[in-house]
Amino acid sequence: MKSTLRTVRLALAEPLRISRSTMAARDAVWLTVEHDGLRGHGEAVTSVYYGLGTETLVRLLTTVDLSRFPDPESALEALRAGQWPDGDVPPAVTAAVESALLDLAGKRAGVPVHRLLGTAAPPVAATARTIGITTPARAAAQARHLVANGFEIIKAKAGTPDPEDDIERVRVIRDAAPRARLLLDPNGAWSVAQADALLPRFAALGVEAVEQPLAPGDPDALGALAERAPLPVIADEDAVDLADVRRLAGRVHGVNVKLAKCGGVHAALRIREAIEGSGTELMLGCLTASTLGLAPAVHLADRARWADLDGHLLLAHDPWAGIGGADGVVRASGAPGLGIEEVVVREDVA
C-alpha cells in the first residue's frame, strides 16, 4: 500500500470563541492510501489543546508504515487486535489512518463503512449546531437562522469571565428557538462553586445537558457534581480514552467521544461497549474539520444519544461533501467506503 499526504488550510466562516480560545482557521493533513488502483482517505487536524501542529502531524503520518500489510483489511485487523500502530502514536493520527483504511476496505468490498461495522441501514442523526461566545443579538440571530433551516439541537458555548453573560446568551437563544433542544458547553471553565450556582439557572432555561462544566483533571469532582446536578453532566476533556471512560462510567450521565481524541472508530466502539448498561450514555463529538474528518463518526451516529457532528458546518468552504448536515441532520452515504467526494472548485477561464 502506498501513502501520500496533503496539507490544506480550513478557514471558518466566522471566528469561533470558546472559554479558553478563539479559532479562525486550522490546518488539516489529508492521508491517502492507495492499493490496487483504489484510494482511501483520512484527515487529521491541528489542535493547540492536544499539542498537534502541522509539522508534527506530517512527521507522524509520514512515519506510519503500512508496507508490512498486504492489504487494508489485514492492517485494520491488526489495529482492532491492538497489534498496531507501534509506539506512542497520538489518537488523532491513529484515527486518520484508520479512516483511510476503512474507506479503502469499503471500496474494495463495494460496501459503505457502516456495513463493515455491522450496521445495515445508513445511519441518520440530528446534529447539534454550535453557537460560540458572542453577543446576545448575534446569538439570537444565529438561533433563529438555525431553526429556520431545520436544526433541532443547539449547543451554546459558555465560560465568559462574567457568568451573567452566559445566562443572557442562553436566555436569548431560548427565546429565539423555544422548541429547540439546548446543550451547554463551558469547556471546563467553572469552579465547583460556580457550577453549583449556575446549573440550576441553566436548567430553568431548559438546557438539556451540560458538557465538562469543571476544569479537567479531577474526575471525582465531576462525578460528584453529576450526582447532585439538576441536569445531565457529560464528560469531555476528562474522558479522553477508554481508561478515563471506565473511571467515569456510571458516575456521569454521558461521555463525549471524539474519534481524534480516543483513536478512531474501533476505539469509540470499545468505549460504547464499556459504558453499556452503566447509565452513562454516548455523545459523538468532533473537532472543527472537513466532511472527510467527520465522515467516520457519521457512520456511527445511530449508536449515540447525542450527536454533535457539526465541525464541517463551521467552515467557510468544506472541501469534501457527502454527509449533509446543513438541514440539521447528518447522513451516512450508502456508497462504498466513507461515501464522500472531494469538491473540485472550478475557476472560470477568461
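**Helix packing and sheets in a predicted model**

Colleague: To start with the helices, how do H1 and H3 lie relative to each other?
Modeller: H1 and H3 are oblique to each other. This is a predicted model, and in it helix H1 (residues 54–63) packs against H3 at an angle of about 55 degrees. The axes of H1 and H3 are 10 Å apart.

Colleague: And the crossing of H1 and H3, left-handed or right-handed?
Modeller: The crossing in which H1 passes H3 is right-handed. On the H1 side, the contact is made by Leu57, Leu60 and Leu61, and on the H3 side by Val93, Ala96 and Val97.

Colleague: By class, what residues does that contact of H1 with H3 have?
Modeller: It has six nonpolar residues, with no polar and no charged ones.

Colleague: What about H2 and H3, at what angle do they pack?
Modeller: Helix H2 (residues 72–80) and helix H3 (residues 91–109) pack at about 140 degrees, and their axes are 9 Å apart. That angle makes H2 oblique to H3. The crossing of H2 past H3 is left-handed.

Colleague: Which residues of H2 and H3 meet?
Modeller: From H2 they are Pro72, Glu73, Ala75, Leu76 and Leu79. Their counterparts in H3 are Thr94, Glu98, Leu101, Leu102, Leu104, Ala105 and Arg108. By class, this contact of H2 with H3 has eight nonpolar residues, one polar residue and three charged residues.

Colleague: Where is Asp71 placed?
Modeller: Asp71 is in the loop between H1 and H2. Apart from neighbours within four places in sequence, Asp71 is in contact with Met1, His35 and Arg108. Arg108 is also one of the H3 residues that meet H2.

Colleague: How far apart are the C-alpha atoms of Asp71 and Asp36?
Modeller: They are separated by 9.1 Å, while the two residues are 35 residues apart along the chain.

Colleague: Changing topic to the sheets, what is the strand order in the open sheet of three strands?
Modeller: The order is E1-E2-E3, and the pairing is antiparallel. Strand E1 (2–17) and strand E3 (38–45) are the edge strands, each pairing on one side only. From one strand to the next, the twist averages 25 degrees.

Colleague: How many bridges join E1 to E2?
Modeller: Twelve bridges join E1 to strand E2 (residues 22–35), and the two run antiparallel.

Colleague: How many bridges join E5 to E6?
Modeller: Four bridges join E5 to strand E6 (residues 153–157), and the two run parallel. Ile131 has Ala156 in E6 as its bridge partner.

Colleague: Why is E8 described as largely enclosed by the rest of the structure?
Modeller: Strand E8 (residues 207–211) is described in that way because five of its five residues are buried. Strand E7 (residues 181–185) pairs with E8 in the parallel sense over three bridges. Leu183 has Ala209 in E8 as its bridge partner.

Colleague: Finally, is Ala316 buried or exposed?
Modeller: Ala316 is exposed: its relative accessible area is 55%, and a residue counts as exposed when that value is over 50%. Ala316 lies in the loop between E12 and strand E13 (320–321).

Colleague: What does Ala316 touch, not counting residues up to four places away in sequence?
Modeller: Ala316 touches Ala11, Leu12 and Ala13.

Methods:
Residues are numbered from 1 along each chain as its sequence is written. This is a predicted model: local features need pLDDT of at least 70, side-chain atom pairs count only at pLDDT 80 or more; totals for chains, interfaces and linings use all residues. Side-chain values use heavy atoms; hydrogens and water are left out. Two strands pair if DSSP finds at least two bridges between them. Axes are lines fitted to C-alpha atoms, for helices over the stretch in contact, and angles run from 0 to 180 degrees between N-to-C directions. Angles under 35 degrees count as roughly parallel, over 145 as roughly antiparallel, 65 to 115 as roughly perpendicular and the rest as oblique. A crossing is left-handed if the near helix is turned anticlockwise from the far one by less than a right angle, and right-handed if clockwise. Contact means heavy atoms within 4.5 Å. Ala, Val, Leu, Ile, Met, Phe, Trp, Tyr, Cys and Pro count as nonpolar, Asp, Glu, Lys and Arg as charged, and the others, Gly among them, as polar. Buried means under 20% relative accessible area, exposed over 50%, partly exposed in between (1.4 Å probe, protein chains only).
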